[in-house]
Amino acid sequence: RYHPACDITAAALVASVPRYRQRAVVARQADSTAGTMAAQPESDAFIVSGPPHKSDITAGCGSLGTFLRRKLLQNGSDVALIDGVYGTELTYLELLEQGTRLAECLRAQAGIRCGDVIGLVSENRLEFPVVLVGSFLLGATVAPVNLTYTEREFVHAFNLSRPRVVFTSAFAADRVVAAAAQCASFVERLVLFGEENPFGHAATLLEQFLAPVPAFVNPLALAIEPTDVYEHVALIMCSSGTTGLPKGVQLTQSNVMASVALTDESTSLTELDGPMVVLCVLPWFHAFGCLSLLNVLCIKQRMVSLPKFEDFLYLGAIETYRCNTLLTVPPIVLFLAKHPLVDSYDLGCVDTVICGAAPLARETEELVRRRLPHVRHIRQGFGMSELTLATLIQSGDDHKPGSVGRVQIGTQVKVVDPATGRALGPNERGELCFRGTQVMRGYVGDEQATRGTIDPAGWLHSGDVGYYDADGEFFVVDRLKELIKYKGYQVPPAEIEAVLLTHPAVQDAAVIGVPDEAAGELPLAFVVRQPNDAGAAVSAADIVRYVQERASAAKRLHGGVQFVDAIPKNLSGKVLRRELREYARTARAKL
């Protein structure tokens, strides 16, 4: 029906990365206002640089849509994705064909054009990448949203990205339908995955949505608009901040292309005796999962996906599909290290375990190596939604215990004194700052937050404290930001506190994360009761239940509640969380 050699790209190439970065710096300087992060003189001697990209990250393509079309055509009829629950397979060409049909439907039936936003609320299922590909072919922006959000959180997320069409699975459909009704001024259509539609005219089943379009639309007949890939937003990912509700992280088409180029060019990450088969239970609505999915599709790897972690299902997928690479977070690695069920399965195919989202304890890594001696590599990295994927990764076999690796291709890193902005040398602790091809464009609709994160020289300030040694290996030792890392989720204490303060028996409250071997950290609330009958009557269980009814799973008080007489604060009213952590640590030590 068509051949990769027929693929035609835009003749005009977009500007180079250095020119784009220069434009961005000039724009930020021109827009700077009071309160903007100041640029500091920097010493090149204290900037640690990764190697440059070996070639043009765009591969000569004038848009991410053209880039993806070329990659999928080149990868051909090989299997790209396997549903680990049902065993359903999708080849690269089938994915392209389905994405092209969806793109034509979005254009013809919903009037979607380049620059419009498509919302996507779903667990890992094969329709998810079809929506990604179809949207990117049109030049539309995709806004994946956490399907565990409450109705209130969905309303906030939709108001950030303002999608015209929202695709959703049945798991979250009731909350999505209710939230969309509150956003009717811009959400024009809901499309429901699956075979049943209990919502009547409020939603349309995917097959009904696609019905007016022919079953096959030639991918090469679909016109793809060229874009400025360095400015055009491909993804809006939700990233929680200490101010409470999520911010919308804008990742450009070039950010995605740079991530693909990094993975493709980092041969030490993909060296295997045979084809790479990746098992992914990481949710695709998160940056780690979503960008990993796009990387796999572009560099001709195979991914086995699971919608959620269940021990027997996870281990069975490794054994059945002979997965040699596992994308994990620390709780999964801990499961592999300690759970007795692991011994009942043949995991001899596993070569590499890649762990992200939160630090992995050295002791856990050593336990896995003893239990699964055939595993050659256990790799950690450092990344955040604002940095697309990973900018620091352990590669090769020579990394030190506790290290998060070295600077990757296309990235510069420096460590600065948080108080002065002065660049620091080896083995000096400070805030990690990043610049390069994977740095986000900014937060959607929030220039103040953008300027507070990316300084006028283009450095993204991570909020994490770390250092690098004389060999260029980086170590993360603490963080400035107050996010609680619960099972790979980043939980903002301020959002839980806001819920607590709506309880009539609560006078004041503060939330911290307390260490937990399985989850990483558990949200623990310190609560000051109201000095009245309601305050006297309220129990810790009442408080836990109150939050549970109003927050998604990761934001509940898994660490419990402790009643105190007052919340420690400084003169400006900022909660002294360090004192609360010490209080919690002392209390636990006495148990």
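**View 1. Thr388, a buried residue with a positive phi.** At 1% relative accessibility, Thr388 counts as buried (buried is under 20% relative accessible area, exposed over 50% and partly exposed in between, with a 1.4 Å probe and protein chains only). Thr388 isn't a glycine, yet its phi is positive, about 70°. Look for Thr388 in the loop between β15 (377-383) and β16 (390-393); strands here are DSSP runs of E with at least two residues, helices are runs of H or I with at least four, and both are numbered from the N terminus. Most residues other than glycine have a negative phi. This is a predicted model, where local features need pLDDT of at least 70, side-chain atom pairs count only at pLDDT 80 or more, and totals for chains, interfaces and linings use all residues. Residues are numbered from 1 along each chain as its sequence is written, and side-chain values use heavy atoms, leaving out hydrogens and water.

**View 2. Lys487, with a positive phi in another loop.** Lys487 sits in the loop between β23 (484-486) and β24 (489-491). Its phi is positive too, about 50°, and Lys487 is not a glycine either. With 44% relative accessibility, Lys487 counts as partly exposed.

View 3. At least three of its residues come from each of domain 1 (64-78 + 90-252) and domain 2 (403-475), with bounds taken from an automatic or database domain assignment. Leaving aside residues up to four places away in sequence, Phe474 touches a set of residues including Val48, Leu392, Val413, Leu432 and Tyr467; contact means heavy atoms within 4.5 Å.

View 4. Over residues 1-40, pLDDT stays under 50, and the model has 73 contacts for them beyond four places in sequence. pLDDT is the predictor's confidence in each residue, from 0 to 100. For the protein, the mean pLDDT is 87, and 89% of residues reach 70 or more.
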